[in-house]
Amino acid sequence: MTADTTPEASAALADNTGASGTAAFPRLLAMEWTKFRSVRSTVFSLLAFVVLTLGLAALFTWLTVNQWDKIDADQRAAYQRDAVGNILGGGFVLGQLAICVLGAMVITSEYSTGMIRASLLAVPRRTPMLAAKGLVFAAVTFVVGEVVSFGAFGIGAPILHSKVPVSLSDHGVLRALLGAGLYLMMLGLFAMAIGALVRHTAGAITAVIGFVEVLAPLAQLLPGSLGKHVHAYLPTEAGHLVAQSVQGPKDLLSPWQGYGVFSLWTAGLLIIAGWLLNRRDA
Amino acid sequence: MIEVHDLSKRYGDQTAVDHLTFTVRPGLVTGFLGPNGAGKSTTMRLILGLDRPNSGTATIGGVAYHALREPLRKVGALLEARAVHTGRSAYNHLLCLAQSQGLPRGRVSEVLALVGLTEVARKRAGGFSLGMGQRLGIAAALLGDPQVLILDEPVNGLDPEGVLWIRNLMKALAASGKTIFVSSHLMSEMAQTADHLVVIGRGRLIADESVEAVIARSSGQSVLVRTPQPAQLAKELERANGPDTTPVTVTTAADGALMVQGMTAPEIGEKASAARVVLHELTPQRASLEEAFMELTRESVEYHAAQDLTAAPGPATTGSPSPSPTVQDAPPSAGSEAAE
């Protein structure tokens, strides 16, 4: 195979130690982007997310239209008040799980394959590495999230039109659509932070999904206003408010307050993850 | 130049590395030897900043690894465990590493050609054989054309051609002034590549000297003598034993030959001549590096029982060094080649 590669050839290798014009952080972004795009499973997960979310949003909207005459007036009113949130909600319920899995795996797959060692040899300063990884993943999920939320609206609104006319210029609609992308971006970072803390794929995914799908109903079981408050401040319960066009009558937080709460949760976890990353043996 | 000073690492109550101090100099291949569990990989991980030491320092060119700018341009490392995402192609693996150091894309193709992986560059690394994975790891280590190379068991899983290739590569790189620090559990391998040895056992330094010195220090230096008058010669030789001299011991082998320790071949020849004893053979026996190593680390082998199970004369039983090859995987020529 390599009979012709003499050691002399390697010793005489070009001295490429010069020419370092770009600053360090953009290089880390380039590295993380290459890592992200060059693994087939991440690309497929994103595609699955897009297809799943658009498909489910269309399906649930169509079902609603079909059942419109059978559902009671209260439910119709609730639906009409936040038509855009309901179109998106149908798709996001399941679609967001793909983002959770992807976010966790962006970091846990480095641990499971041993890639983390190559990464840390190349970038021994671990905080910038985590920051670059987070930034690249956030950018990707934001862009894809916006494509999906506007796409879901573009599909859902015409289906719904005969029952509930809704357009981009309606109050809160544009904010909700932008907010949906922002929500998915933060959700991805939230999952990545937990992935960095847990370092094992299965454990991290379980933890993230526990936060997203299990804690919320459990919190509602708490008695009285305690349960109501705990529920309202849970990361994704607070975070998804920004993807609704209007604040619901039972919502304790406004859309942006909710997003702020979610951001604080995520920032807190990322700080702990970064601190532990620097302390732990790789 | 790699400098390790008073380095210690504990995992729980297990001490993996125990106050190690040594220096790895440029222009040489420095072998890092020790029995399983001696702390070789841990020491390398500490030098590379992957693990945090409990005490002590490890620096490369005077700088701790984590403080290096563009570390891959200064230090290339091959770790024992795989460090590649199985879903990524060899090309993209090296590309992302190159990007982090500001290295040009062309360099990726260069190192792929150097290690002979050009044809499979676009294939997933997960499908690589052990040997191909090892070549990819070496490509990553050479990517930034670093001055210092740290290789943990580089010949693991390589076919004989690959072993030869690595051996020549290391020698050539050392000859060009680079610092090569390579661990191995194959003493015969070290005998053929290393100039200098750092030997550890149970995390402690046992020896830090040239390959020559390690072999010379071993008590395996003995002389084989054949004579028709063995009893007479043995008596003559043992008579030389005095309170201030090195003790001379003479043992008789099964075929009647004598093994003499504590006396050089010329001395024996002169004694025999003086006593008018006829000699048929007088051969100095060099201990192989294997034997020297086992002698050195006998006290610190962690798992004696497991070694006994191999049904080979293990270090625990190699009480008196014998000239015959007691080690199954060492070619008999290992000792003499090391002496070159």
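1. A word on terms to start: two residues are in contact here if their C-beta atoms, placed from the backbone, lie within 7 Å. Please keep in mind that this is a predicted model, in which local features need pLDDT of at least 70, side-chain atom pairs count only at pLDDT 80 or more, and totals for chains, interfaces and linings use all residues. Residues are numbered from 1 along each chain as its sequence is written, while chains are lettered from A and ligands numbered from 1 in the order in which they are written.

2. Let's take chain A. Of its contacts with a separation of 6 or more, 80% involve residues 24 or more positions apart. The chain has twelve helices and zero strands, where helices (H or I, at least four residues) and strands (E, at least two) are DSSP runs numbered from the N terminus. Its C-alpha trace spans about 85 × 40 × 35 Å along the principal axes. Buried residues make up 43% of the 282 residues; a residue is buried if 20 or more other C-beta atoms, placed from the backbone, lie within 10 Å of its own.

3. Chain B contains twelve helices and 13 strands. Of its 340 residues, 47% are buried. Among its contacts between residues at least 6 apart in sequence, 69% join residues at least 24 apart.

4. Chain B is also divided into domain 1 (2–74 + 146–216) and domain 2 (222–285), with bounds from an automatic or database domain assignment. The C-alpha centres of these two domains of chain B lie 41 Å apart.

5. Now for the interface: 38 residues of chain A are in contact with 48 residues of chain B. On the chain A side, α1 (7–11), α2 (24–37), α3 (40–67), α5 (83–113) and α6 (115–122) each supply at least two residues. That side divides into 16 nonpolar, 13 polar and nine charged residues, counting Ala, Val, Leu, Ile, Met, Phe, Trp, Tyr, Cys and Pro as nonpolar, Asp, Glu, Lys and Arg as charged, and the others, Gly among them, as polar.

6. One helix pair to look at is α2(A) with α2 (residues 90–101) of chain B, whose axes come within 7 Å and cross at roughly 170°. Axes are lines fitted to C-alpha atoms, for helices over the stretch in contact, with angles from 0 to 180 degrees between N-to-C directions. The two helices are therefore roughly antiparallel, a label for angles over 145 degrees.

7. Which residues of α2(A) meet α2(B)? They are R27(A), L28(A), A30(A), M31(A), T34(A) and K35(A), and they meet N92(B), L95(B), C96(B), Q99(B) and S100(B).

Definitions and conventions: Parallel < 35°, antiparallel > 145°, perpendicular 65-115°, else oblique. Buried ≥ 20, exposed ≤ 12 C-beta atoms within 10 Å, placed from the backbone.
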